[in-house]
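I set down below what I looked up in this structure, entry by entry.

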Amino acid sequence: LNQIDIPGQSEELHWLQFSPVEEHFYRRQHIDVTKDMLAKLKKFDGDLKLSSLDRHTLSNLLYPLLKLRQSCCHPQAVRGQFVNMQKNTMTMEELLEQLIKKVTNEAEEYHRGYVSALNGLAGIDIIEQKFADAAEKYREVLRSVTDHEGKIKTDTLQKLHTVANLSELLAAGHQGIDPTLRDSELPDLAKQFKEKYMKKYLVVLDAAKSAV
């Protein structure tokens with residue numbers, strides 16, 4: 001190297017101070033990659049050497065680490081997470097918007113599962129004639145929808161299911177169901193949800209009829 005005037009190798013360390021957005025992003029990446037890596041490692045014997053694995057298996061095993069390396073270069077370098085870097089490079093503000101959108105979608109999906117589970121349990125209570133327990137589960141759904149209103153969306157069909165079934169339970173006059181101030185509003189609320197849900201399909205149906 002000296003003969004062609006190439007300087008010797010050197011190493012420099014620069015400690016970075018993350019912004020709140022960057023800190024959240026990389027902490028989330030660490031959690032997700034760790035979870036993926038541990039899930040893959042569980043499939044192998046702890047005494048297995050990496051050198052004994054074929055190339056395809058090794059690449060699949062180490063893929064979570066590739067995503068971590070890519071994210072350390074730029075958040076958009078991780079394939080499938082954000083807009084391709086060839087189109088445009090996001091600012092930290094745009095990255096924050098994407099992160100909020102992604103987390104909101106995840107929260108809506110978890111809430112959808114929660115509401116579905118409560119509605120299902122309420123249905124089981126009705127079959128077992130535990131009407132008061134069923135009503136309480138339906139009310140819990142309505143409380144959850146109200147608590148998250150303006151933050152995450154709840155499917156109209158799920159709300160219709162809850163309100164219509166709770167309204168029918170109350171109309172049946174079962175013993176042990178405590179009344180609330182909103183009970184009288186349930187039939188009108190169910191009608192509103194039904195009209196809202198059906199509206200988009202009626203528009204499509206009308207368009208199809210016009211096309212024919």
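**Aromatic residues.** I began with the cluster that Phe18, Phe25 and Tyr26 form together. The model is predicted: local features need pLDDT of at least 70, side-chain atom pairs count only at pLDDT 80 or more, and totals for chains, interfaces and linings use all residues. Residues are numbered from 1 along each chain as its sequence is written, and side-chain values use heavy atoms, with hydrogens and water left out.

I then searched the whole structure for aromatic pairs and found three. For a pair, ring centres of Phe, Tyr or Trp (its six-membered ring) must lie within 6.5 Å; planes under 30 degrees apart are stacked, over 60 edge-to-face, and the rest tilted. Phe18 and Tyr26 have ring centres 5.0 Å apart and planes at 20°, so I recorded this pair as stacked. Phe25 and Tyr26 also have centres 5.0 Å apart, but with planes at 75° the pair is edge-to-face.

I checked accessibility next (buried is under 20% relative accessible area, exposed over 50%, partly exposed in between; 1.4 Å probe, protein chains only). Phe25 is buried at 2%, Tyr26 is buried at 19%, and Phe18 is partly exposed at 38%.

**Nonpolar cores.** I took a core as buried Ala, Val, Leu, Ile, Met, Phe, Trp, Tyr and Cys residues joined through side-chain atoms within 4.5 Å. The largest has 15 residues, and Val163, Leu166 and Leu169 make the most contacts inside it. Helices α4 (131-147), α5 (156-171) and α6 each supply at least two of its residues; α4 gives the most, with five. I read helices as DSSP runs (H or I, at least four residues), numbered from the N terminus.

I listed the contacts of Val163 (heavy atoms within 4.5 Å). Leaving aside residues up to four places away in sequence, Val163 touches Leu142, Leu186, Leu189, Ala190 and Phe193. Another core lies apart from the largest one and has six residues, including Val21, Tyr26, Met90 and Leu95.

**Loop residue.** Which residue other than glycine has a positive phi near 60°? I found Gln129, in the loop between α3 (92-127) and α4. Most residues other than glycine have a negative phi. Gln129 counts as exposed because its relative accessibility is 61%.

**Surface of α6.** Leu202 is found in helix α6 (residues 186-211) and counts as partly exposed, at 44% relative accessibility.
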